[in-house]
Amino acid sequence: MPVLLIHGFPFSSEMWKAQVAALQENGFYVIDYDLRGHGQSGIGDGQYTVELFVDDLMALLDHLGITKAVVCGFSMGGYVALRAIERNPERFGALILCDTTSSADSNEAKIKRAASIKLIKKDGVRSFAEGFLKAVFYEQSFSTKQNAVESVRKIILSNSITGICGALLAMASRTDTTEALSKISVPTLVLVGEYDTITPPAAAKAMHDRIQNSKMHIIANAAHMSSMENPNEFNEHFIKFLKNLNILTD
């Protein structure tokens with residue numbers, strides 16, 4: 001059974017390099033792709049919704065002839081994964097939620113996203129990127145994980161204004177999937193950075209408590225970018241979870 005990785009905002013599949021390498025070394029079939037408007041994917045009209053992202057995901061699985069996959073979503077990718085399993089639970093063999101939440105945006109968050117769109121259209125992506133980096137990385141990572149910070153900076157700057165603003169609109173309009181958590185019946189792993197302030201450990205625990213038989217781990221010395229700030233610990237939990245599923249030959 002393949003492991004499919006969904007990146008976060010405003011990144012691309014490039015953020016998963018450490019995970020792809022580790023998963024492949026352990027014999028897993030990995031699929032990482034760019035969401036619409038990100039990385040190498042087409043931009044279109046920029047009028048995105050999470051529903052559209054889920055449509056794209058299902059179309060990708062159909063195109064590849066994959067009936068069921070282990071789906072891992074990070075941040076915005078988690079929003080997509082949660083809505084996808086609510087809509088199409090039969091396509092999931094397992095679920096991994098990384099630094100994400102099931103809650104919809106509060107009014108305050110929606111206003112903040114609108115302000116980000118205004119800033120990006122006025123001053124461009126670079127101005128937005130610098131502030132965003134400070135929000136998603138643990139303060140110490142700017143000195144101890146400089147390569148990760150620079151990698152994320154390059155990924156953000158490679159994306160278009162239309163794609164980034166479209167994703168902001170999609171996140172602001174997404175549905176709340178909290179009530180659907182109790183219906184998730186596949187094995188689920190929840191991972192979150194110790195210092196994540198965007199989708200904090202409390203939000204991760206709230207999901208963990210609602211998803212039956214789920215497992216949760218807090219990644220040390222990491223904020224929102226836990227997969228890049230502490231990839232060794234992140235990958236250890238990820239791979240252990242997958243091996244316990246016995247999916248290598250499925």
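A disulfide is a pair of cysteine sulfur atoms within 2.5 Å. The model is predicted: local features need pLDDT of at least 70 and side-chain atom pairs count only at pLDDT 80 or more, while totals for chains, interfaces and linings use all residues. Residues are numbered from 1 along each chain as its sequence is written, and side-chain values use heavy atoms, leaving out hydrogens and water.

The structure holds 0 disulfides. The closest cysteine sulfur to that of C72 belongs to C98 and is 3.6 Å away, too far for a bond. C98 is likewise in no disulfide. C72 is buried at 0% relative accessibility, and C98 is buried with a relative accessible area of 0%; buried means under 20% relative accessible area, with a 1.4 Å probe and protein chains only.

Strands (E, at least two residues) and helices (H or I, at least four) are DSSP runs numbered from the N terminus. Two strands pair if DSSP finds at least two bridges between them. Six strands form an open sheet in the order β2-β1-β3-β4-β5-β6, with parallel pairing. Its edge strands are β2 (30–33) and β6 (215–219), each pairing on one side only. Strands β3 (residues 69–74) and β4 (residues 92–98) pair in parallel over 6 bridges, and G73 stands opposite L97 in β4.

Two helices lie across strands of the sheet. Contact means heavy atoms within 4.5 Å. Axes are lines fitted to C-alpha atoms, for helices over the stretch in contact, and angles run from 0 to 180 degrees between N-to-C directions.

| Helix | Strands crossed | Angle |

Note on methods. Buried means under 20% relative accessible area, exposed over 50%, partly exposed in between (1.4 Å probe, protein chains only).
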